[in-house]
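Subject: Structure handover

Hi,

Here is the structure for your files. Please load it before reading on.

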Amino acid sequence: MNTKSISLGLCAMIAVSAYAQKVESYSTTQQNLWEKQKVTVGRTGDSKAVKLDKNKRAQEVKGIGGCFNEMGWDALQLLPADRQEEIVQALFSPEGAAFDYCRMPLGANDFSMSYYSHDDTADDFGLQNFNITRDRYILIPYIKAAMKYNPSLRIWASPWTPPAWMKTNNHYASSPHGEYNGLPNERAIADNSTGFKMQDGYLSTYADYFVKFIDAYGKEGIKISAVCPQNEPCSNQVFPSCKWRPEDLVYFVGRYLGPAFDRNNVDSEIIFGTINTSDPNYVRTAMNDPEASKYIKGAGFQWDGKNSIPYIHKEYPELMLMQTETECGDGQNTWGYAEYTWDLMRHYFTNGANSYHYWNMILPRPGISPWGWNQNSLVSVDKETKEVTYNPEYYLMKQLSHNVKTGAYRLDTPSDSNMLAFENPDGSVAVIMGNSLDEENPVEIALDGKTYSTVLKPHSFTSMLIK
């Protein structure tokens, strides 16, 4: 046998193998949720190709993840240990969605099992009764289960409500409908007012409350990398909530929270959020206040905040911006809603968002909160049958987070291309594409002298990782 022929043949096989490994591509459809996608590699020359230029960088990606909520951990406990591990691995391992920057509530939120704060003793201005005892049984095990698969997982936190005794209506909720959980309408917080007691003793104690929370979690081995001072400060809700006028929240951040962090050498960032109004003046108020702005490292947006982020990004181009919560749907977890979420992703990233965060990662099915709201989740656990379902939005999030790493930079793409592109720290380029049409859509991407061609299936999400 001709050894030279064998040698040439092996070289050819190695060359083909190396060439084939340059692109990894997967598609998601309703019929096939995670399927390898064929990509043809050629040489640049087609003027119709979408041209990507690594020199045309936009913002840096700071992380992608979801939110740890009590109801998620409770749903997970319905399953045997091996199934629990499978779900956590699917969300946090490098082979799965690889989430690396996640949110948690500071006290009760709308997907907690019930009302609570970390100090429910009225007028405890010294916070002698502060504790995270409840979290040690629910949220902390949930986070540590995730950290098993991603030890570098970063956490940021936000309160939905201060302790009830710090609020003007002495309750966790702010806007009940009729007699609701013992709170009649006459004690609801007025729409144009702040629900927090804007007095020195309450303000300084609340700032210390944040410090104690960060310190307590640090002792549990969980670093809180950032805090937002209030979830949705523009709304009164029937679940844990607290509305703040912008000037009052700015006053708290600049005169109390920031100085408390300084005094106690707190190594956590303050992000002004999570803002849920389309009026950009809410964030402008913070950025134009010299006392508050020196402590603010970024701004976070969700829900109606999506309409104000374009203005803030244009006016403060160096400000770090977060998309803090994906809109939650109605619990039906449909393909159509996944397509809506894809549109939200594109909107936030193309308007400067540095991070993107899904809401409920895991819920029972139906995913109804204690306050009666059925919402979407990445993973659903049927209470009766124990059946586990990975919903369409899980695969959409995986298309993004599995391929786009912290430290990546978004690359400019045409506004009509229905795609996002990022250059990762290792030099690989991740392209995420959507096709909401009823027919196939051929796509060609030009990068570094080569073209990468594929055909997007009808109603699909497709990723391409070019190494």
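Predicted model: local features only at pLDDT ≥ 70, side-chain atom pairs only at ≥ 80, totals over all residues.

Residues are numbered from 1 along each chain as its sequence is written, and side-chain values use heavy atoms, with hydrogens and water left out.

**Cores**

A nonpolar core here is a set of buried Ala, Val, Leu, Ile, Met, Phe, Trp, Tyr and Cys residues joined through side-chain atoms within 4.5 Å. Buried means under 20% relative accessible area, exposed over 50%, and partly exposed in between (1.4 Å probe, protein chains only). The largest core has 110 residues, and Phe68, Phe92 and Phe252 touch the most other members. Helix α5 (residues 200-219) gives the most to this core, with 11 residues. Helices (H or I, at least four residues) and strands (E, at least two) are DSSP runs, numbered from the N terminus. A second, separate core holds 17 residues, including Val23, Val431, Met433 and Ile466.

Phe252 touches Leu203, Tyr206, Ala207, Phe210, Pro229, Trp244 and Leu257, with residues up to four places away in sequence not counted. Contact means heavy atoms within 4.5 Å.

Phe92 belongs to helix α3, where the buried residues are Gln84, Ile87, Val88, Ala90, Leu91 and Phe92. The 12 residues of α3 (residues 81-92) should span 16 Å at 1.5 Å a residue, and the end C-alpha atoms are 16 Å apart, which agrees. The expected span is 1.5 Å times one less than the number of residues.

**Helix pairs**

α5 and α6 pack at about 45 degrees, with their axes 9 Å apart. That makes α5 oblique to α6. Axes are lines fitted to C-alpha atoms, for helices over the stretch in contact, and angles run from 0 to 180 degrees between N-to-C directions. Angles under 35 degrees count as roughly parallel, over 145 as roughly antiparallel, 65 to 115 as roughly perpendicular, and the rest as oblique. α5 passes α6 in a right-handed crossing (the near helix is turned clockwise from the far one by less than a right angle; anticlockwise is left-handed). Among the contact residues are Leu203, Tyr206 and Phe210 of α5, and Phe252, Leu257 and Phe261 of α6.

The axes of α10 (residues 335-350) and α11 (residues 392-401) come within 8 Å and cross at roughly 30 degrees. The two helices are therefore roughly parallel. This crossing is right-handed as well. Trp335, Trp342 and Phe349 are among the α10 residues that meet α11, whose contributors include Pro392, Leu396 and Leu400.

Lys306 lies in the loop between β11 (296-302) and α9 (309-315). Lys306 counts as buried, at 17% relative accessibility. Leaving aside neighbours within four places in sequence, Lys306 is in contact with Glu327, Tyr340, Leu344, His347 and Tyr348.

Glu327 sits in the loop between β12 (320-325) and α10. Glu327 is buried, with a relative accessible area of 6%. Its contacts include Trp303, Lys306 and Tyr337. Glu327 and Tyr337 are 10 residues apart in sequence and 9.7 Å apart in space, C-alpha to C-alpha.

Lys243 is in the loop between β9 (224-227) and α6 (246-263). Lys243 is also buried, at 17% relative accessibility. Among its contacts are Asp191, Ser193, Pro233 and Asn236.

Best wishes
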